[in-house]
Structures are given as structure tokens and as C-alpha cells.
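Thanks for coming. Please look at the sequence and the model on the screen while I go through a few of its parts.

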Amino acid sequence: MRILLRLILVACCLLPVAAAAQVTGSQTLSWKGFEKNAFTFNGSPAWVVKPHRALPGNPWIWRAYFPDWHTDMDSILLQRGFHIAYIHVRDRYGDPAAMQIWDHFYAYLTTQRALAARPALEAVSRGGLYAYAWAKRNPLKVSCIYAEAPVCDVKSWPGGKGAGKGDSACWKQLLNVYGFREEQALAFKDNPADNLEGLAACHVPVLHVISLKDEIVPPAENTLPLVQQYIRLGGSATVHPVKEGPQTLSGHHFPITHPERFADFICTYTLPVATPLPDTGWFVLRNGLTRAYTRFREQKTGTVAFLGGSITHNGGWRDKVSQYLREHFPGTAFRFINAGIPSLGSLPHAFRLGHDLPELDKTDLLFVEAAVNDRVNQLDSAIQLQTLEGIIRHARRSNPAMDIVMMSFADPEKLEDYAGGRIPAEVSNHERIAAHYRLPSVNLAAEIAERINAREFSWVDDFEDLHPAPFGQEMYFKTIKALLAKESKPSPPQPLPAPLTRYSFDKGRYLAVTAARPEKGWRLHNDWSPADQAGTRPGFVHIPVLSADTPGAVLTLPFNGTAVGMAILSGPDAGVVEYSIDQSPYRELNLYTRWSKRLHLPWYVLFAGKLKPGRHILRLRISEKSRNDNNAHACRIAYFLVND
């Protein structure tokens with residue numbers, strides 16, 4: 001566990017986000033018989049009310065807006081030992097700038113004030129825009145949400161585009177704050193009622209208190225659609241319609257006759273206070289992301305690429321990282337490139353880098369993910385170092401100012417390793433390369449293992465798979481966000497250090513199949529697609545493919561370089577090949593994989609990775625043998641692999 005401990009110690013030495021917080025004008029006041037500390041936080045009015053005797057863990061409720069409205073429940077919670085906190089972000093309607101203020105305020109309260117890691121959120125009216133916007137960005141930091149007549153769709157209020165009355169002045173203000181044209185606001189897809197998957201997956205219960213007579217924020221356009229969607233996603237939601245008492249302001253103002261019931265709701269889902277492991281123990285910043293961030297700020301342009309397998313290809317953490325960068329660098333024209341292809345690990349990445357990221361020299365920030373598929377594909381540890389170092393040297397040679405983040409995601413095998421006190425080889429290799437090149441790295445495999453061991457959640461019920469459920473995606477993003485929020489001292493581009501491995505694939509590339517010299521039995525398909533019902537992977541269909549399925553069919557490939565291999569489509573009829581380099585004895589290679597039965601899998605095979613520089617000849621032939629159920633012999637080559 002030495003690497004894990006080193007990660008924790010180094011990361012904990014970094015300055016937290018809240019370290020830059022400016023707290024001024026502090027004064028002590030009285031609020032309903034309790035001590036209220038009012039102050040200015042980074043330019044925004046804020047306050048914290050303390051209970052006479054705080055409960056263990058310092059639970060708290062965070063008021064989103066209108067903090068002096070319906071305070072009876074707050075008084076009850078103070079009496080029970082809760083803190084109450086508020087920051088006034090006026091007329092921002094829950095926009096990204098407001099959320100960044102909330103992020104800093106949360107960091108300040110949970111670090112310097114030692115309040116609990118998971119507050120309850122209390123939203124009144126337009127406060128729903130703030131509470132849900134922050135909760136959806138931080139679902140693992142919320143215990144529950146209590147809301148009174150909350151706005152859940154800006155088209156309803158302040159837009160007034162449905163049955164509600166709306167507010168034309170507030171609508172114009174919202175358009176200005178978000179930088180929207182009218183049609184953009186109407187098409188806005190991140191209202192409180194949208195994108196609730198992560199919040200539901202993190203088991204955050206919500207309670208809405210409404211009036212069915214509300215004509216300002218009509219329930220049919222706000223609470224009811226949100227609750228229906230939330231329940232459909234598996235979330236826990238309760239609606240309490242208030243029928244008694246005077247209902248003024250067109251039903252938008254109504255009495256709360258039993259605030260103790262709602263205080264009970266807060267207590268039920270907040271107590272006892274959970275004490276999750278810290279968020280900052282799972283990454284090492286090293287030289288950080290300063291160069292990319294400087295370009296984003298000063299040049300107002302940015303190219304961010306994601307290189308990985310299916311965990312990168314699928315939606316989730318990658319989308320959230322893109323959203324984070326867009327929100328934290330407003331006005332920057334970003335280009336986000338998804339170079340994730342399912343099943344591919346560091347061996348494919350090393351040879352496809354220039355092909356799938358043709359503008360590598362313009363890439364400012366690169367995320368690299370390979371640890372899961374390197375394990376699944378059983379890539380030799382020594383080759384992992386060749387491939388990972390090749391990726392980094394190739395990328396940095398293309399753009400010396402590029403920032404690169406190395407990521408190790410979780411899988412069942414890595415969890416078993418950590419449970420047995422072993423550091424997975426793939427994680428060790430990622431960390432070794434990251435340390436040598438001073439790159440930020442994130443060890444999510446260790447984090448997931450430690451949190452499961454601490455019984456914070458279950459792999460089967462919550463994470464579900466190495467392709468994470470929404471809960472797992474939120475867990476991944478939470479830690480990546482913590483890394484993104486850190487900034488190190490400016491670091492100019494440095495010369496590449498001496499390589500760790502003599503034969504790194506730093507000049508890995510594809511060689512077109514037309515470079516081969518096929519003899520009888522081979523056929524070139526200029527636009528290949530499968531003739532059977534087996535599936536394909538993105539980027540590996542409707543491409544040129546050189547194929548043969550007749551035993552004895554031979555081809556030769558002259559090439560220059562220190563490595564040679566091929567990227568094939570290993571489908572149900574994949575067979576066995578024999579290969580020889582420079583007239584060496586033939587060696588046998590089975591092309592059929594455990595996934596080939598239902599998929600023409602992109603499968604990368606390395607024939608040799610430590611050849612002497614210079615010219616070589618590969619000879620490849622279809623074997624008489626077959627090692628799959630269909631007694632088939634097919635070999636379909638999409639690309640040859642060479643390292644110049």
C-alpha cells in the first residue's frame with residue numbers, strides 16, 4: 001500500500017480550494033436566541049448560525065435563497081444541534097458563476113469551520129434553481145433536499161411560457177446572466193428537473209412542500225415533473241401539498257403548520273453524520289495543469305482530448321469534466337475530442353495516437369485512461385511501460401506545453417489486489433510514468449477499493465460494473481473535479497527527461513494495409529463491414545481491411561522500426577496465424593478472443609517490440625490450425641503497427 005499512502009500524503013499537502021477565501025467584516029449578532037456570525041465571503045454577504053450545543057459531526061442545513069422566509073424549521077434544527085448557513089448570491093438564478101461561489105463557500109465551511117461533509121439543502125421558490133444546480137454537480141456532498149414551492153423550470157418561472165404568470169424583468173435578467181438568447185433559454189437542458197440521474201443514483205431524498213393553487217410557480221410545470229422523473233430514475237421523492245391556512249400571492253405563499261415534521265425529515269437523512277473518506281487523497285498534482293489553464297484564460301481557446309477505452313467512450317465523467325471546464329473558463333472556445341474506443345488499452349493508444357488525434361500538436365490537455373483494459377487484455381507489464389511512455393513522449397514531442405492527466409480506473413481484479421494488500425501492476429506503471437514526467441495522476445482504483453472497504457457503498461449495488469453506473473460516474477468525477485480545482489505554480493515547458501525504457505513506442509503509428517505484399521488468398525476490402533450478425537466497434541467498420549481465411553495464405557510486410565504488430569478484427573471466425581520476422585522461426589498466434597463470439601473485436605497484437613532500428617520483413621501466413629468452435633481461419637487486418 002506504499003503508493004496509496006504516498007498519494008494521500010502528497011495530495012494532502014496541497015492547498016485546498018478554500019485557502020484563497022477572503023473573509024472580512026466578521027461580526028457577531030443574535031438570531032432567535034442563537035449566535036449568528038455574519039461576514040463577507042469573497043465579496044458576497046454570508047452568515048453561519050451556531051447551535052448552543054452542536055451534534056457530533058456538526059450537521060448543517062444550507063439555505064439557498066430567502067433565508068428569512070419560514071424559519072421555524074431552522075429554529076427547531078438549531079435547537080437539535082444543527083448549524084444554519086447562507087451565502088447571498090443575488091440574482092444569479094443558479095448559473096455556473098453562482099455554483100463556483102457555492103463550491104468555495106462549501107469548501108470553507110467544511111474545512112475551516114469543520115462542518116459536516118454532507119449538508120441538507122433548503123430551497124424556497126427560486127432557491128430551487130440554486131439548490132438543484134449545486135446538488136446535481138455535487139450529489140455525493142448532499143444528504144437531502146427540502147424545498148418549498150421550488151422553481152424547477154425557468155420556462156415556467158421567470159419565463160412565464162406556460163400556465164404560470166412569470167416575471168418579465170426577472171426573465172430578462174436571467175437571459176443576461178446566462179448569456180442566453182430567448183430561444184437558447186427555451187431550449188435550456190439543465191433545469192432542476194433535468195439530468196437527475198446522478199442525484200437519484202446517490203440516493204439523495206427530496207421533499208417538496210407546495211400549494212396546488214400556486215400560480216407563480218405552478219406545480220404542474222415544476223415540482224410534479226421533477227418528482228415524476230426522479231422516481232422513475234429510482235430516487236426517493238415526497239410531495240406535501242399544503243391545503244390549510246391563507247394562501248397569498250396567487251397561492252405562492254402558504255403557511256407551514258407543522259415545521260417539526262420537516263425538521264424530522266432533515267434529521268432522518270442527515271443523522272448520524274456520515275464521515276466519508278476525504279476527496280483529496282487520491283491524486284498527485286505534480287506539475288499540474290497550469291499551462292493548459294493559462295491558455296484557456298489568456299488565449300480563450302482550448303483543445304481537450306480524452307484517450308481511453310469504453311470508460312472514456314461512454315458518457316459520464318467525461319461529459320462532466322467538459323462541463324466543468326466550460327463553466328470555469330467562460331468565454332473560452334473549447335474543442336472536446338472523445339478518442340475513447342471500447343476495449344482498447346495502452347498498446348492500441350500508443351499506435352493510434354496520431355491517427356485518432358490528428359491535431360495532437362494543438363491539444364492543450366490530454367486525459368489518458370488505460371489501466372482497466374491493460375488488465376482485462378492481459379498486457380504484459382513490461383510492454384505497458386513501453387506503451388505508456390510512448391504515449392507521453394509522442395504527445396509531448398507534438399506539443400511540449402501539453403498538460404496530461406494519467407488515470408487509473410477501477411475493476412474487480414484491482415479491487416482484489418487492494419484487498420490482498422497488493423498494488424495492481426497497471427496502477428504502478430501509470431504512477432511510475434506520471435512521476436517520471438511530472439504529470440498529474442488520479443488513482444481511482446485505490447479510492448474505490450478504500451471506500452468500499454470503509455463501507456461507504458457497494459460495488460455490486462452502487463458501482464455495479466467496471467463500466468460505472470451513474471453513481472460510479474459521480475464518484476469518478478468528484479475526485480477528478482478535486483484535481484481540476486487545484487492549480488500549481490506556473491511551469492514552463494521542460495525538455496523531455498531521459499526515457500525510462502529503451503524501447504518505448506514514442507513513434508508508434510499505423511501503417512496502411514496496402515503496404516503489405518499479399519500473395520494468393522488475401523483480399524482487400526476498401527469498405528469492410530461484417531457479413532454476419534456480430535457487432536463492431538466505432539472506427540472499425542467501413543474502413544479498408546485486408547483479409548484471408550484460407551490456410552497457407554501468405555503476405556509479407558517490409559517496414560522500418562523497432563516494433564511491429566497489427567490491429568485486427570477478431571470475430572467469430574477468427575483463426576490462427578504464424579509469423580516470422582527477418583526469416584526467424586515461425587511463431588504461432590491465436591487470434592480468437594473470449595469476446596469474439598459476438599463481436600468483431602478490435603484486437604491489437606504485437607509481434608516484436610525490441611527490434612534493432614532499421615529495415616525488417618514480417619512474413620505472415622494463415623495456419624492450418626484452428627482454436628475456436630467454428631473451425632475457422634479468418635484473419636482481418638485493419639492496420640499494421642510500427643514504431644519508427
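I start with a definition: rings of Phe, Tyr and Trp, the last through its six-membered ring, pair if their centres lie within 6.5 Å, and planes under 30 degrees apart count as stacked, over 60 as edge-to-face and the rest as tilted. One aromatic cluster here is formed by F39, F41, W60, W62, Y65, F66, W102, F105, Y106, Y108, Y130 and W134.

Two remarks on the source. This is a predicted model, where local features need pLDDT of at least 70 and side-chain atom pairs count only at pLDDT 80 or more, while totals for chains, interfaces and linings use all residues. Residues are numbered from 1 along each chain as its sequence is written, and side-chain values use heavy atoms, with hydrogens and water left out.

Back to the rings. How many aromatic pairs does the structure hold? There are 41. One of them, Y178 with F180, is stacked, at 5.1 Å centre to centre and 20° between the planes. Another, Y579 with F607, is tilted, with 4.5 Å between the centres and 40° between the planes. Y579 lies in strand β22 (residues 576-581) and F607 in strand β24 (residues 601-608), so this pair ties together parts that are 28 residues apart in sequence. Helices (H or I, at least four residues) and strands (E, at least two) are DSSP runs, numbered from the N terminus.

Y579 has 9% relative accessibility, so it counts as buried. F607 is buried as well, at 7%.

Next, the open sheet. Its 6 strands have the order β10-β15-β14-β13-β11-β12, with mixed pairing. Two strands pair if DSSP finds at least two bridges between them. β10 (283-284) and β12 (333-340) stand at the edges with a single partner strand each, so one side of each has no neighbour in the sheet.

Strand β11 (residues 301-308) runs parallel to strand β13 (residues 365-369), and 4 bridges join them. Within that pairing, F306 has F367 in β13 as its bridge partner. Helix α13 packs on the sheet and touches β11, β12 and β13, and its direction makes about 145° with that of β11. Contact means heavy atoms within 4.5 Å; axes are lines fitted to C-alpha atoms, for helices over the stretch in contact, and angles run from 0 to 180 degrees between N-to-C directions.

On to β14 (residues 403-408), where 6 of 6 residues are buried. D403, V405 and M407 point one way, and I404, M406 and S408 the other. β14 pairs with β13 in the parallel sense over 5 bridges, and L365 stands opposite D403. Strand β15 (residues 441-443) also runs parallel to β14, joined by 3 bridges, and S408 stands opposite N443.

Last, N643, which is found in strand β26 (residues 635-643). At 2% relative accessibility, N643 counts as buried. A polar atom of its side chain lies 2.9 Å from the backbone nitrogen of K507. Leaving aside neighbours within four places in sequence, the contacts of N643 include F351, F505, D506 and N560.

Note on methods: Buried < 20%, exposed > 50% of the residue type's maximum accessible area, 1.4 Å probe, protein only. Polar contact = N/O pair within 3.5 Å; in protein donor to acceptor, adjacent residues only side chain to side chain.
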